[in-house]
Every structure is written in structure tokens, then in C-alpha cells.
Amino acid sequence: MGRKLVSSKAIFESDTMRSPVVKSCCVLLLTLFLSRHYSVSATKKILNPKKPCKRFILYYHDILFGGNDVANATSAATANATKLGNTDFGKLVVFDDPITKDQHLLSHPVARAQGFYFYDMKTTYNAWFAYTLVFNSSDYKGTLNIMGADMMREKTRDLSIVGGTGDFFMTRGIVTFQTDTQEGTKYFRLKMDIKLYECY
């Protein structure tokens, strides 16, 4: 009767702490928790709009086919405007436009812009672009994929760069359009300020 009584709780804690299986499970769970915590925090990237990883300016030239200028035209309407409003609503244009480093149309193109735009507002001129810049210069090889709304009445417009290949593999960023010159619907030139924020 002089023996000390040991509580069942103490026996359980003692046995549990000595069990190698339980120790291994605790270590495994702790490792999984910490690795998940650090992987999530490591993927968070803070982007500074004023500090892109790459930036350059190019000029986009578009000459709309008018029916008698096959040699010079770089774009053509493939769907006519509807009669909803007087802003070319519904008109679809497919293009293969030269991209130059300067404002001169006859300068050697460093890329081609290949894609389409369509007019998508009844009340004012507004276009939606989806195209690929295909680079063929000694400076860059590969592509940039660009899409978004071109609110043509605004002085500057931002479109999204949603990916790329080659020198621009998996990149993301913004291209800022600014109308540099326009001759009715026949010809326009855009200044493209390209800012990349994810560079690999």
C-alpha cells in the first residue's frame, strides 16, 4: 500500500512521448506546415509600377486596305460596321503591321504586329485589340501577346501584356498606347511604351 499511485494521464503522456511513430508524425506535420508557409510567402511579389524589369518604345504603323492599294496595305476590314451608331460599331480589322524603333514607316521593322481589332462602342470610337508582336531583330527574338481596350479618345491607353515566348518567355506587363499621327481611317501610327514587370 506504500506504493505511489501514478495517474493514467501521466502514463499516457510518458508512453506517447516515447513512441517513435508519434514523434515522426509530429516532425512531418511541422515540416509540412513550415514549407507551405514559406512557399506561399516566397511567391508573393511586390511590383513597383515605376520600376519595370525591362522597358522600350516602339512604333506601330497601320495602313488600312481601301480597295486599290494591295501593295501598301497592312490591314483589312473582314467584317463591316453595323448601322448601330456612327462609330464603326462592329467593324473587325485583321492586321499584319510593321513595328519600328522610330516614327518612320519605311524604317526597317524590328517586329510585326499580327492580330485584330474591332470597334465595340456605339457612342464613341473605342476598339478592342488582341495581337502578337513577333520579333525578328538582332535585339530580340520571340513574341509578346497583347490585349485590351483602346479608348481612342484618351491621350494614353494601357493594354495588358499577357505572356510571351523566346526572350520574353512567360513575361507580363503593360503597353501604353499613344496616337502619334492619324490620317482619317487610312493610316495611323501608335507610340507603344512597353513596360515588363515579370522577366524570366
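**Exercise 1. How many helices and strands does the secondary structure of the protein chain come to?**

Start with the ground rules: this is a predicted model, where local features need pLDDT of at least 70, side-chain atom pairs count only at pLDDT 80 or more, and totals for chains, interfaces and linings use all residues. Residues are numbered from 1 along each chain as its sequence is written, and side-chain values use heavy atoms, leaving out hydrogens and water.

Step 1: helices (H or I, at least four residues) and strands (E, at least two) are DSSP runs, numbered from the N terminus.
Step 2: the chain has two helices and nine strands.
Step 3: read from the N terminus, their order is α-α-β-β-β-β-β-β-β-β-β.

**Exercise 2. Find what share of the protein chain is buried.**

Step 1: buried means under 20% relative accessible area (1.4 Å probe, protein chains only).
Step 2: of the 200 residues, 30% are buried.

**Exercise 3. Which residues lie nearest the centre of the largest pocket?**

Step 1: on a 1 Å grid over the protein atoms alone, a pocket is an open set of points where a 1.4 Å probe fits, with protein on both sides within 12 Å along at least five of seven lines; lining residues have an atom within 4 Å of a point.
Step 2: 18 residues line the largest pocket, and Tyr119, Met152, Gln182, Gly184 and Phe188 lie nearest its centre.
Step 3: strands S4 (111-119), S5 (127-136), S8 (172-183) and S9 (187-198) each supply at least two lining residues, with S9 giving the largest share, three residues.

Technical notes. Buried means under 20% relative accessible area, exposed over 50%, partly exposed in between (1.4 Å probe, protein chains only).
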